[in-house]
Amino acid sequence: MIQCEGLVKIYKSDDLEVVALQGLNLNVREGEMMAIIGNSGSGKSTMLNILGGLDRPSAGQVKVGPWDLLKITDEQLVEYKRDTVGFIWQSNARNLLPYLTALENVEMPMMLSSKLDRAYAKQLLEWVGLKERMHNKLHQLSGGEQQRVAIAISLSNRPKLLLADEPTGSVDTRTSDMIMDIFRRLNKEIGITVVIVTHDLSLAGKVDRVVAIRDGLTSTEFIKRNPNLDAAADGTLSNSIQAAHEEYVVIDRVGRLQIPKTYLTALQITDKASMEFDGERIIISPPKSLEG
Ligand SMILES: Nc1ncnc2c1ncn2[C@@H]1O[C@H](COP(=O)(O)OP(=O)(O)OP(=O)(O)O)[C@@H](O)[C@H]1O
Ligand SMILES: [Mg+2]
């Protein structure tokens with residue numbers, strides 16, 4: 001579904017340049033439900049905005065289904081946003097029109113693409129648990145309810161890919177659980193691919209796979225793999241359950257890998273390390289020559 005390789009995004013303003021993404025790699029299979037986790041400023045929204053066609057990449061490769069988002073024309077981009085992706089923004093003020101009812105909010109994007117389907121709009125609101133509240137104006141709904149309206153809106157164009165930026169950022173644990181359950185149900189029942197961006201590590205247990213963006217600029221490391229995909233690959237379930245608890249690092253094309261800071265600090269490795277290969281494992285330890 002998604003293929004990103006060496007994705008670069010540079011924001012330019014006057015003489016200032018911010019490198020928000022510096023060669024990011026990401027592959028997402030159709031039907032996966034995964035999370036991207038990283039600290040504030042690590043480039044999560046930047047990446048999601050590019051995938052959602054809201055922003056243009058500077059360099060690298062980024063493909064979603066049949067679309068090449070680096071080469072896509074402006075007209076095609078409109079079509080892409082209308083037909084392929086559903087987007088839930090970090091601040092839900094951007095998703096919603098406060099003076100309309102929940103139902104009218106869901107119908108609005110349908111009207112813009114001239115495919116009004118009231119029955120489907122009502123069904124979406126029912127799915128997100130707002131059947132009783134659909135005729136209320138947005139300002140009469142709680143923050144969590146508004147966030148669920150935003151989810152219904154993002155699905156109004158029947159997208160194949162759902163992109164959610166911090167969908168549980170401003171709601172309590174109970175609402176957060178409910179939102180994650182809604183994503184899971186949509187993922188299972190209509191096979192929609194779901195990518196959730198968050199800085200909340202506790203969501204990791206609720207998705208198939210987690211990819212971390214680190215250090216503001218650079219690329220990705222795996223925290224958790226998709227057990228279903230592993231089971232499909234080798235047919236053994238016990239292996240795949242083990243795999244789900246193992247940590248992975250990504251090694252780039254020239255052989256570089258990123259070692260977590262906590263590991264380096266624990267071993268007091270600063271700029272140099274000793275590396276040995278015993279035929280099965282690669283062992284990285286503090287430099288021996290500097291000891292004693
Ligand atoms: N339009 C822009 N112009 C210039 N710099 C930008 C722009 N948007 C983002 N940035 C910068 O790019 C970097 C990544 O920002 P981004 O919004 O992707 O982070 P994030 O991971 O989503 O953070 P958060 O968790 O706080 O939402 C930051 O240093 C940010 O200041
Ligand atoms: Mg963000």
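Start by selecting Lys44 together with ligand 1: an N or O atom in the Lys44 side chain sits 2.7 Å from an oxygen atom of the ligand. That is a polar contact, meaning a pair of N or O atoms within 3.5 Å (within protein, one must be able to donate a hydrogen and the other to accept it, and residues adjacent in sequence count only if both atoms are side-chain atoms). Then show the backbone of Gly41, which puts an N or O atom 2.8 Å from an oxygen atom of ligand 1. On its own, ligand 1 has 630 Å² of accessible area, and the protein covers 62% of that. Areas here are Shrake-Rupley values with a 1.4 Å probe, and for residues only the protein chains shown count as cover.

A word on ground rules before you go on. This is a predicted model, so to speak, with local features needing pLDDT of at least 70 and side-chain atom pairs 80 or more, while totals for chains, interfaces and linings use all residues. Residues are numbered from 1 along each chain as written, chains are lettered from A and ligands numbered from 1 in written order, and side-chain values use heavy atoms, leaving out hydrogens and water.Now widen the selection to the shell around ligand 1, taking residues with a heavy atom within 4 Å of it. Among them are Tyr11, Val18, Ala20, Asn39, Thr46 and Gln90. Which elements give two or more residues to this shell? Strand E2 (16-28) and helix H1 (44-51) do, and H1 has the largest share with three residues. Helices (H or I, at least four residues) and strands (E, at least two) are DSSP runs numbered from the N terminus.

Next stop: helix H3, residues 102-112. Color Ala102, Leu103, Asn105, Val106, Glu107 and Met110, which are buried. Buried is under 20% relative accessible area, exposed over 50%, and partly exposed in between (1.4 Å probe, protein chains only). Show helix H4 (118-127) and helix H5 (143-154) too, as both are included in what covers those H3 residues.

Move on to Ser170, in the loop between strand E7 (161-165) and helix H6 (173-189). Is Ser170 buried or exposed? Its relative accessibility is 68%, so Ser170 counts as exposed.

Finally, zoom out. The protein has nine helices and 12 strands, and 43% of its 292 residues count as buried.

Technical notes:
Contact = heavy atoms within 4.5 Å.
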